[in-house]
Every structure is written in structure tokens, then in C-alpha cells.
Amino acid sequence: EVYFKNLSKQKQKEVMEKNGNNHKLRVCVATCNRADYSKLAPIMFGIKAEPQFFELDVVVLGSHLIDDYGNTYRMIEQDDFDIHTRLHTIVRGEDEAAMVESVGLALVKLPDVLNRLKPDIMIVHGDRFDALALATSAALMNIRILHIEGGEVSGTIDDSIRHAITKLAHYHVCCTRSAEQHLIAMCEDHDRILLAGCPSYDKLLSAKNKDYMSIISMWLGEDVKTRDYIVALQHPVTTDIKHSIKMFELTLDALISFNKRTLVLFPNVDAGNKEMVRVMRKKGIEHHPNFRAVKHVPFDQFIQLVAHAGCMIGNSSCGVREVGAFGTPVINLGTRQTGRETGENVLHVRDADTQDKILHALQLQFGKQYPCSKIYGDGNAVPRILKFLKSIDLKEPLQKKFCFPPVKDNISQDIDHILETQSALAVDLGGTNLRVAIVSMKGEIVKKYTQLNPKTYEDRLALILKMCVEAASEAVNVNCRILGVGISTGGRVNPREGIVLHSTKLIQEWSSVDLRTPISDALHLPVWVDNDGNCAALAERKFGHGKGIENFVTLITGTGIGGGIVHQHELIHGSSFCAAELGHIVVSLDGPECLCGSQGCIEAYASGIALQREAKKLHDDDLLLVEGMSMKEEEIVSAAHLIQAAKLGNAKAESILRTAGTALGLGVVNILHTVNPSLVILSGVLANHYVNAVKDVINRQALSSVKTVDVVVSNLADPALLGAASLVLDYTTRRIY
């Protein structure tokens, strides 16, 4: 520790020598309102206490100079600071246009002040529109900027302003580790970021033991006890003014019903202020016996009031930041502080849309005492900030540098890349065949390879790798750039890990199989894996009837029955990757046995295997063939024979198909009543045979509110391969999957 202290002193000495032994750092602190002064004052006291190092100039602007907001510049004078310049920059109106005009007015007035002061560095706090004007002026006039409280996250327009100031600032003082990480993520130079904590905590953590009863009596009345009153501070939300005014009205109604003495501070100068003040007066808050409405409370006294309150309510950053130092219960209303780090003393009511909800929050929080929180500081911020200021080398180049992550060189001018077609390798693992294809961005199958699917795991994986390597080599010849490999397979799949958890009985030795790792290692390409039903839905979303549709369902009618569900443009996988097993919706309690081990599943009625089973029964009873049909002795009976017999008038075959279509239709009705899609897409070789039967069942069995659903047959020739390709193409072209 001694070593590092000596090292720090040596560095400060070197900086002083570089800057000139007699040169003091001229610091301009600009304060705009009561809130930012509470953070800047401790720094100002620290600067003033070291005149051998610093010269302090104080500029006051914004709501400090407005009577309606308490003329709070007086507390700066009471703290014995000389105010160099007062700038009237607020355009009254308290709406969005007035905020813009206020920024413009500040930009007009500030250059003259900064030309006269010629500071070495300007300290700017926070996220208010006044602060944006200060930072903009200083940046354009080549004045270094130290930004306090950058990197934090909250709601309303303040969030955007805070990050804009960050990009203008040369140095950053942040309060939390998360804020520091946010600044680094925003490409700010790590060497110019100081994790100091919040300066106001230097005062907060030493304030609670001071005399407070006289302060409580002065602001709330002599009959009020500690922990038996409420402090309310609520501001407009500039991005949703109408809702924030309604929320304020509900808050006041809840406070009136709660019937506790309440100190209400007037809202800040943001757009919506007038309407909120109008609500206060409409409800008679200024004359209500339980309320004390004030424009301003000096920060030292405000600290004591919140430290000993039964609860604080509103949407001020003070509630989620400073009040945590005392463990006072806080009710944070709405979205204005969304994203802020908070202690356990804060109860969020984000949708404060009813009086009862706010009242219930008051009942839960009032009078509790929570552990004190030091998320935002440990009481030693100011010494760290002063040390940081002393280390600033004024001879360093003024132009700030951003620390961007490494990126690949721009290849847009390379004619080879321009002429190449971005493509994917698509793999379809079926019960019979293994297929690999090169698929272009437009959904064109450029080249396709087909082999019989081997029966063992080792042979199957070896064949996949062999076919993919062959296809990747061919891609060069057909001028396709392969972006990745997408795999469609039967069974339950974990798409996050690229693992087949367990498969259908149609594909043997295919459980707990990691497909991603060996294929990615062999081809040096990213690999995506998903269930064949989900892939069919993705194919429809990118290339078929589902393009641009928010909610739809795809049903595959083939050897088995599968499908995928797209809800709000996103594919649903489910908590254990078992969503959209549509073939196993039970439509009869005593139906035929399914391959899954259950009875009465759609797949047991309507799949190709089920139709083949029924065809064999008819054939064994010599009831399948009718006039116009013939079969060779060695020919295997299939679902196609049943369909042909039905077309030629075989009544029993017709009955079987009718039952299968009804079972599928009942399954679709269940889907409509569960996820309410606007479109149902039937895919696979049996889709055309079932579409009319499904529509009939919907008309007979579905609720009237879902009967208008569109039922269509897929127009995609190869949904499994196209879906596997879309796994790659959607992700690599920055679509969310």
C-alpha cells in the first residue's frame, strides 16, 4: 500500500511538472438543478479545500434560477461558493418544445461564458437536457469534460441524454461496477474511467446521527414521529407524459386513502410539470391536513427526512440510489428508473395503473427497516475524484479515442465476394434417406445429394461428414459461399447445444448425440440443429406462406406427424424442447396405439405409417384392391395404395381416410383453441388429401372466434432442407432466431 501511495504521488508530481509547476487546474463546475447540486457539492468542497492544486469557477443555470422551483441557487451561496455566472436558460412552458428551446438557449449563452472562463476541464453531472447543452458547448470549444454518473441505465429520455454526454466526455466518474462495464462496452477508454462511487454518499453515510427531530417538525409538524410519515417525489416521464400524469393522480389518491402525514415535493422542470402541478391543486394537496407540499428542501435536511421516513414513494433516482444508504423502504413507480441497480429496500410497481395496486404497495412497505445498501458508494468518492483530477495531463492530445473491439476488414470491394452467392449447407436426417443440399439465400436448392440413412450412429455420422465435405467442395465450383451448416432431424433436439436428446423409433442409435461439435470441428463452420417439424415452420417463415405472418402453425403430414409453432414471429421450443409435438395430441382415449406408447394420438390415425397399417389389414382381408388396381406379389403395401383405392371408390378405404382426416382436424382445432394462430399450413405428401377434411372439422367443432383461420397447403417443394438452411441464413444475416 505504501508503495502504491508513493507511486501515485510520483505520478502526480510528474503531471504537475508537465503541466507547469505553477499551473493550477482550472475547473468549471456547472450545476443546473437541486438534484445535480447534491452530487456536485461534495466535489466542489473538495476542490475548494485544495487551492494549491485547483481554481474553481461555478456556473449556475437551469431551474436553479426559477422561483417556482425554489430559487435553489441560494443554497449554493449559503454553502459559501462564489457564483461566477448565472444563466437564465429555461424557456417556460414545461412541454417538449420548451425543453428543446431551453437547450437551444443554453447553447446560445454558454460560448461567451466559456470564452471568458477558459477552464481546463468542465465537470458535468448526469442526464438532464441542461447537461447535454453544457457538454455540447464544451466539446465544440475544445474543453475537456469530466462526466459524473455515466454508464448507468434508466428509463425516459434521460437514458439517451446520459449516453450522448458519455460520447462527448473525455473522462468518466462512475458509481457502480456495472456502470463501469457499460462504459467499456460503449468503447470508452478504460484508462479514463474512474470507479469512485456516488459523491453524495460521502455526505449520506455520515449524516444519519445528526439532530433530525427538529427538521421533521419543521417540515411535517411537531406531532409527527419518526417512521410515521411518507416522502413523495414524482417527476413527469417525458416519453409518456399522459400516462405519467395519470399515474401521479393515482399515487395521490392512494396517499390520501393511506392517511399518513406526507411531504410532497413539486416535480422537476420536465415536460408534463404543469399538468402534474394542476393535478396536485385539483386534489387540494397544498391545503390537505395530511400533506405538506414544498418546492425545495435543502439537501442536508432532505437527507434527514428520507433517512427517518416510514417510506418514500415516486419515481425519482434519489429513491433508488441515495435512500438505500439508510435502508428506508422505497416504492418505485413506473418506468422512469427502469434498469437502475437497486437494493432490497426498493419495491417496484412498474405498471402503476390502479390506485389499489399502489395502496397495496404502501401497506407492504410502510414502516419497514431494511439493511443499509452501499451499491452506489462507500463514502470515499471525493478523495478518489480529486486524485483523478490531479492525474490529468493537459499536454495529452485533446481528441478522445474510442476503444473499438477488433473487426474484420471490410471486404465489400472484393469482386470475388460480391459475385459469390451466400448459401447454407442443409442436412435432412429422415427415417429412410440422408440428404445434403447447398441452399442459396433466396431458397434455391443449388445442389442436392441423397443417400440411404445408415442404421448405426458411427456410419451415419461418417456419412454426414463425407457428404458435407463433398458439398462444401462443390460449393466453390458453383460460386457459393457457405455460411454454416443447418441440420433437420427427427426427435427431440436441444438447439442451444446442438444435441439430439432422443429420437423417434424411425432413426436408430440417435439419442444423446452431439451433432454440432464433430461437424463444426471437421468443416470449421458454425452448425445449427433443430427438430424437423420446427425446421418446416422456419422454412415457411422465411420462404413460404408464413413470411410476414406473426402467428402460424405448420403441420407435417408424412411418415409421422410433426410440426412447429411460430408465435410473435418467434419459434417456440418449450422449456424442455418438447413444444409442437403436434403428432402426439390425443384425440381419442381408446384409439389405436401410437409409436410413442400412448393411444389415440393424431399420428396413430393420420400418419403414413398409420395409413400403411390400415392398408395392410384391408389387403390381408382381401378388401383393398378394387377394379382398376393391381399389385405385384413382391410389392409392399403402402399408404399410397390406400389412397388409390379410396379414389377408385373403395368404401372402406374412404372411411379410413375420412377418420384420419377427422383426427387431424380435431388436433388442429385443439391447436386453434390453445395458441390461436391466424394461419395453419399443412405440409408433406399427405397434405392435399387432408386439407378439406381439416377445414370441415374446423367448421363443425371449433369456436366461432377461430373459424376464420386460414388453412393452406405448403407450396414449398422441400421444407425440411429449406428449414435447415434457414437456421443458418436467419442467424448469419442478423435475424433473431
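Student: Which way does α22 pass α23, in a left-handed or a right-handed crossing?
Tutor: Left-handed is how α22 passes α23. A crossing gets that name if the near helix is turned anticlockwise from the far one by less than a right angle, and it is right-handed if clockwise. Helices here are DSSP runs of H or I with at least four residues, strands are E runs of at least two, and both are numbered from the N terminus.

Student: Where do the coordinates come from?
Tutor: This is a predicted model, where local features need pLDDT of at least 70, side-chain atom pairs count only at pLDDT 80 or more, and totals for chains, interfaces and linings use all residues. Residues are numbered from 1 along each chain as its sequence is written, and side-chain values use heavy atoms, with hydrogens and water left out.

Student: Back to those helices. At what angle do α22 and α23 pack?
Tutor: About 115°, with the axes of α22 (residues 639-647) and α23 (residues 651-675) 7 Å apart. Axes are lines fitted to C-alpha atoms, for helices over the stretch in contact, and angles run from 0 to 180 degrees between N-to-C directions.

Student: And which residues make the contact?
Tutor: From α22 you get Leu642, Ile643, Ala645 and Ala646, and from α23 Ala653, Glu654, Ile656 and Leu657. Contact means heavy atoms within 4.5 Å. Seven of the contact residues are nonpolar, none is polar and one is charged.

Student: OK, sheets now. What's the strand order in the seven-strand open sheet?
Tutor: β3-β2-β1-β4-β5-β6-β7, with parallel pairing. Two strands pair if DSSP finds at least two bridges between them. At the edges sit β3 (83-87) and β7 (193-195), each pairing on one side only. From one strand to the next, the twist averages 20°.

Student: Which helices pack on it?
Tutor: Helix α7 (residues 177-185) touches β6 (171-174) and β7, and its direction makes about 170° with that of β7. Helix α15 (residues 381-390) lies across β1, β2, β4, β5, β6 and β7, at about 160° to β7.

Student: How many bridges join β2 and β3?
Tutor: Four, in the parallel sense. Valine 58 has isoleucine 83 in β3 as its bridge partner.

Student: Switching topic: how many salt bridges are there in the whole structure?
Tutor: A search finds 39. A salt bridge here is a side-chain nitrogen of Lys or Arg within 4 Å of a carboxyl oxygen of Asp or Glu. One of them joins aspartate 57 and arginine 26, at 2.7 Å from N to O. That pair links distant parts of the chain, 31 residues apart: aspartate 57 is in β2 (residues 54-61) and arginine 26 in β1 (residues 25-31).

Student: What about the five-strand sheet, what's its pairing?
Tutor: Mixed, in the order β16-β15-β14-β17-β21. Its edge strands are β16 (445-452) and β21 (527-531). Inside it, β14 and β17 pair in the parallel sense over eight bridges, and threonine 421 stands opposite cysteine 480 in β17.

Student: Last one: which helix does the chain go through from β25 to β26?
Tutor: Helix α24 (residues 687-701), in a right-handed β-α-β crossover. Right-handed means that, with the strands pointing away from the viewer, the path from the first strand over the helix to the second runs clockwise. Strands β25 and β26 pair in the parallel sense over four bridges.

Definitions and conventions:
Ala, Val, Leu, Ile, Met, Phe, Trp, Tyr, Cys and Pro count as nonpolar, Asp, Glu, Lys and Arg as charged, and the others, Gly among them, as polar.
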